[in-house]
Amino acid sequence: MSTVLLVHHSPSDATAALAEAARAGLTMPELDGVELVEKAALEATVEDVLAADAFVLGTTANFGYISGALKHFFDTTYSATREQTAGRPFSYWIHGGYDTTGAERAMESITTGYGWEKVCAPVVFTGEVTEEHTAAVTEMAATVAATTMA
C-alpha cells in the first residue's frame, strides 16, 4: 500500500472543484493499493509528509505568489522532511485570477529544495475553472498516484 498526500488551499467554489478533481484522480479504482490522505494546507504536518510516498499540491495564486496557507505548509515541514522525502514523486495545480508567474516560480523553487521529483506536468491556469481544467487535474493526480504502484 502506498500513500499519496493531497495538500491544498481551496477557499472558493472554483478551487474546491479542483481539489475534488484531484480526489477523483487519486481514488480511481485502477489505483488499487493507493491510499489518499487529504489535508488542508494549514493542517498538514511533518508526520503527514514523512508518511507519504508521493504528493499532490494545490494552491491559488494570490498577489503573484502561492497562497499563504501553502507557504505555511512548506515553512513548517521543510527542515524536518526534506532529506527523508527527497526523490518522492509530486505534481501540483495553481489557479489564478490574472497571473501565476510568481506562484509558479515559488512552487518550482520550494519543491526543488525538497528534492521532490515532478512526475507529471502541473496544471497552471488563470480565469474560470472549466471541465478541461478539472479533467487535467484528475489526470495529473492519477499519474502521480500511479508512479507509487510497484
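These legends describe close-up views of a predicted model.

**View 1. Strand β3 and its pairing partners.** Strand β3 covers residues 54-62. β3 runs parallel to β1, to which 5 bridges join it. Within this pairing, Leu6 stands opposite Val56 of β3. β3 also runs parallel to β5, and 7 bridges join these two strands. Here Phe55 has Phe90 in β5 as its bridge partner. Of the 9 residues of β3, 8 are buried, so the strand is largely enclosed by the rest of the structure.

**View 2. The hairpin of β3 and β4.** The strands β3 and β4 pair in the antiparallel sense, over 2 bridges. Asn62 stands opposite Tyr65 in β4. The hairpin has 2 residues between its strands, and Phe63 in the turn has a positive phi of about 50°.

View 3. Thr60 is found in strand β3. Its relative accessible area is 9%, below the 20% limit, so Thr60 is buried. The side chains of Thr60 and Asn62 make a polar contact at 3.0 Å. Leaving out residues up to four places away in sequence, Thr60 touches His9, Pro11, Thr15, Tyr65, Ile66, Ser67 and His95. Of these, Tyr65 is also the residue that Asn62 stands opposite in β4.

View 4. Thr3 has its place in strand β1. Thr3 counts as buried because its relative accessibility is 13%, where the limit is under 20%. When residues up to four places away in sequence are not counted, Thr3 touches Glu35, Val37, Ala51, Ala52, Asp53 and Ala54.

View 5. Helix α4 consists of the 14 residues 101-114; at 1.5 Å a residue it should span 20 Å, and its end C-alpha atoms are 20 Å apart, which agrees. The buried residues of α4 are Gly102, Ala103, Ala106, Met107, Ile110, Thr111 and Tyr114. Their arc around the axis is only 145°, so they lie on the same side of α4. Arg105, Ser109 and Thr112, on the other side of the helix, are exposed. The cover over the buried residues of α4 includes β3, β4 (65-66), α3 (68-85) and β5 (89-96). Just after α4, Gly115 takes a positive phi of about 80°.

**View 6. The largest nonpolar core.** In soluble globular proteins, nonpolar side chains tend to be buried together. The largest nonpolar core here has 23 residues, of which Val7, Phe55, Leu57, Phe73, Phe74, Met107 and Trp116 touch the most other members. At least two residues of this core come from each of β1 (2-8), β3, α3, β5 and α4. Helix α4 supplies the largest share, with 5 residues. A second, separate core has 22 residues, including Leu18, Leu26, Val56 and Cys120.

**View 7. Contacts of Phe73.** Phe73 is one of the residues that touch the most other members of the largest nonpolar core. Apart from neighbours within four places in sequence, Phe73 is in contact with Val7, Ala41, Ala44, Val49, Leu57 and Tyr114. Among these, Val7 and Leu57 are also listed with Phe73 as touching the most other core members, while Tyr114 is one of the buried residues of α4.

Methods:
Residues are numbered from 1 along each chain as its sequence is written. This is a predicted model: local features need pLDDT of at least 70, side-chain atom pairs count only at pLDDT 80 or more; totals for chains, interfaces and linings use all residues. Side-chain values use heavy atoms; hydrogens and water are left out. Helices (H or I, at least four residues) and strands (E, at least two) are DSSP runs, numbered from the N terminus. The expected span of a helix is 1.5 Å times one less than its number of residues. Buried means under 20% relative accessible area, exposed over 50%, partly exposed in between (1.4 Å probe, protein chains only). The arc is that of the directions from the helix axis to the C-beta atoms. Contact means heavy atoms within 4.5 Å. A nonpolar core is a set of buried Ala, Val, Leu, Ile, Met, Phe, Trp, Tyr and Cys residues joined through side-chain atoms within 4.5 Å. A polar contact is a pair of N or O atoms within 3.5 Å; within protein, one must be able to donate a hydrogen and the other to accept it, and residues adjacent in sequence count only if both atoms are side-chain atoms. Two strands pair if DSSP finds at least two bridges between them.
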